[in-house]
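Subject: The structure to look at

Hi there,

Here is the structure I promised to pass on. Please open it alongside this email, and you can follow each part of the tour as you read.

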Amino acid sequence: MGIYTLRVATHNDIDQVAGIHKQQFSTHFLGKYSIDLLKQYYASFLGESIFFVGEKSSQIDGFVLGGESNKLQQAKNRFIKHNKYRCIMETLLMPEIYCQALSRIYSIISEVSGNYLNRSSDCSPNCAVGKRIRLLSIAVCQEAQGSGLATQLVQLFEQRIKLDNAAHGYGLSVKIDNQRAIGFYKKIGFTLEGRKGKSIYFTKNIE
């Protein structure tokens with residue numbers, strides 16, 4: 001398995017991070033876009049989020065990304081602002097994601113209008129979606145799965161949360177059909193908070 005070096009992500013890592021995302025989330029909404037667009041997406045988070053990579057022999061095998069919800073949203077807004085036309089063009093070239101794109105737009109509009117949490121679901125107002133600290137994305141390449149790297153990345157993420165934010169917990173969401181991820185989160189101490197649409201929300205308290 002070898003020993004991984006865990007460190008803060010830099011711009012030089014973005015190519016490999018985007019490649020891991022494309023490999024592990026190819027059926028998800030964002031994963032359907034090009035590697036170049038994914039590179040722009042992850043580059044938007046550098047410097048203002050908690051963003052670590054796991055490296056061995058100069059190869060990035062996994063990453064974790066999260067932080068304060070408002071800063072994550074600001075990074076997403078920057079990405080959309082600087083890449084909106086490219087996003088539109090790639091969406092037009094992929095009819096299979098039209099419905100997903102429209103669903104995302106509707107969710108954003110609903111959330112901004114304050115109606116998001118009032119939609120039919122069993123997710124309470126205190127659900128992970130409302131947590132100040134969120135884990136946005138974590139992925140490990142196929143070759144490194146089972147190595148313990150994902151657990152190490154989460155542990156480092158939690159250490160940084162406590163150091164920077166004095167937070168006692170954080171939240172995340174995962175697609176309901178991603179049973180591997182759901183099993184992983186339960187194994188490392190996450191508590192099921194609720195369900196909204198096709199997503200499940202988890203929270204974890206940390207000392």
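This is a predicted model: local features need pLDDT of at least 70, side-chain atom pairs count only at pLDDT 80 or more; totals for chains, interfaces and linings use all residues.

**The second largest pocket**

Let's start with an opening: the second largest pocket has a volume of about 240 Å³. It is lined by 17 residues, and those closest to its centre are Glu48, Ser49, Ile50, Arg160 and Asp164.

**The strands**

Strand E2 covers residues 50-56, and its pairing with E3 is antiparallel, over seven bridges. Within that pairing, glutamate 55 sits opposite isoleucine 60 of E3, and glycine 54 faces glycine 62 of E3. The hairpin they form has two residues between the strands, and serine 57 there takes a positive phi near 55 degrees.

E2 has another partner as well: strand E1 (residues 5-8) pairs with E2 in the antiparallel sense over four bridges. Here valine 8 stands opposite phenylalanine 52 of E2. E2 is mostly covered, with six of its seven residues buried.

E3 also pairs with strand E4 (residues 133-140), running antiparallel to E4 and joined to it by seven bridges.

How many of the 10 residues of E3 are buried? Eight are, so strand E3 (residues 59-68) is largely enclosed by the rest of the structure.

**The nonpolar core**

The largest nonpolar core has 54 residues, and the ones that touch the most other members are Tyr42, Phe45, Phe51, Phe63, Tyr170 and Tyr185.

Take phenylalanine 63 to begin with. Leaving aside neighbours within four places in sequence, its contacts include Val17, Ile20, His21, Tyr42 and Phe51. Ser137, Ile138, Ala139 and Leu153 are also among the contacts of phenylalanine 63.

Then there is tyrosine 185, which belongs to helix H6. At 6% relative accessibility, tyrosine 185 counts as buried, the cut-off being under 20%. Not counting residues up to four places away in sequence, tyrosine 185 touches Ile138, Leu172, Val174 and Phe190. Tyrosine 185 and valine 154 are 31 residues apart in sequence, and their C-alpha atoms are 9.9 Å apart in space.

**Two helices**

Staying with helix H6 (residues 179-187), which of its residues are buried? They are Ala181, Ile182, Phe184 and Tyr185. Looking down the axis of H6, these buried residues fall within an arc of 160 degrees, so they line one face of the helix. On the other side of H6, the exposed residues are Gln179, Arg180, Lys186 and Lys187. After H6 comes glycine 189, which has a positive phi near 105 degrees.

Finally, have a look at asparagine 83, in helix H3 (residues 69-92). Is asparagine 83 buried or exposed? Its relative accessible area is 9%, so asparagine 83 is buried. Beyond residues up to four places away in sequence, asparagine 83 touches Leu37 and Gln40.

Happy browsing, and write back with any questions.

Best wishes

How values were computed
Residues are numbered from 1 along each chain as its sequence is written. Side-chain values use heavy atoms; hydrogens and water are left out. Buried means under 20% relative accessible area, exposed over 50%, partly exposed in between (1.4 Å probe, protein chains only). Two strands pair if DSSP finds at least two bridges between them. The arc is that of the directions from the helix axis to the C-beta atoms. Contact means heavy atoms within 4.5 Å. A nonpolar core is a set of buried Ala, Val, Leu, Ile, Met, Phe, Trp, Tyr and Cys residues joined through side-chain atoms within 4.5 Å. On a 1 Å grid over the protein atoms alone, a cavity is a set of points where a 1.4 Å probe fits but cannot get out, and a pocket is an open set with protein on both sides within 12 Å along at least five of seven lines; lining residues have an atom within 4 Å of a point. Grid points are joined across faces, edges and corners, and a volume is the space filled by probe spheres set on the points.
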